[in-house]
Amino acid sequence: MPNDTSSLLPVHADTWSGDSPFEVVVWLPLVDCFGTKAMYLLPPIESAKFSDEFSKRGGSSSESIFDSIKTEVKWLEVKSGQVLVFDQSLPHGNRLNEETETRWSMNCRFKGVFTPYGDKKPGEFFEPITLRPASRRGMSYELPKIS
Ligand SMILES: [Fe+2]
């Protein structure tokens with residue numbers, strides 16, 4: 001909601017807390033999102049530079065990290081009916097919504113079934129949607145019985 005301080009998401013990359021880099025987020029806004037009603041993302045080239053300089057630029061708080069990247073982040077404009085697919089290893093977050101409208105959005109995560117899992121485990125956070133024939137075959141493989 002506008003000026004709501006209870007739903008702020010400080011700058012972060014989900015991989016910093018152990019989420020898999022083999023994962024994308026699909027963000028589905030239910031309303032037009034723009035300006036501070038939306039989220040920001042540090043683009044890939046700027047993100048790589050930031051990662052290389054993290055010990056110098058990172059600082060000791062998420063606010064100091066944001067200060068060091070605030071001129072490089074892109075505020076995303078995503079209209080209702082559009083989706084954003086983004087790499088959650090890129091620094092991102094939101095700030096106080098200074099627009100006059102409330103943001104309503106949902107998000108889902110997608111990853112390869114055999115990629116590393118952090119705290120979000122299969123069967124708890126992730127559900128398999130598509131298992132290819134080679135994956136199903138491999139998962140049911142058993143070595144020949146020798147006794
Ligand atoms: Fe995130």
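Y40 has G93 as its bridge partner in β5, and the strand β2 (residues 40-41) is joined to β5 by two bridges, the two strands running antiparallel. This is a predicted model, in which local features need pLDDT of at least 70 and side-chain atom pairs count only at pLDDT 80 or more, whereas totals for chains, interfaces and linings use all residues. Residues are numbered from 1 along each chain as its sequence is written.

**Sheet**
- Three strands form an open sheet in the order β3-β2-β5 with antiparallel pairing, where two strands pair if DSSP finds at least two bridges between them.
- Because β3 (74-75) and β5 (92-93) stand at the edges with a single partner strand each, one side of each is left without a neighbour in the sheet.

**Overall fold**
- The protein chain has four helices and six strands, these being DSSP runs numbered from the N terminus (helices H or I, at least four residues; strands E, at least two).
- The radius of gyration of the protein chain, taken over C-alpha atoms, is 19 Å, well over the 15 Å that the globule rule (2.2 Å times the number of residues to the power 0.38) gives for 147 residues, so the chain is more spread out than a compact globule.
- Buried residues, those with 20 or more other C-beta atoms within 10 Å of their own, with C-beta atoms placed from the backbone, make up 15% of the 147 residues.

**Residue N3**
- N3, in the segment before β1 (23-29), has a positive phi of about 60° although it is not a glycine.
- N3 counts as exposed (12 or fewer neighbours), because it has 10 C-beta neighbours inside 10 Å.
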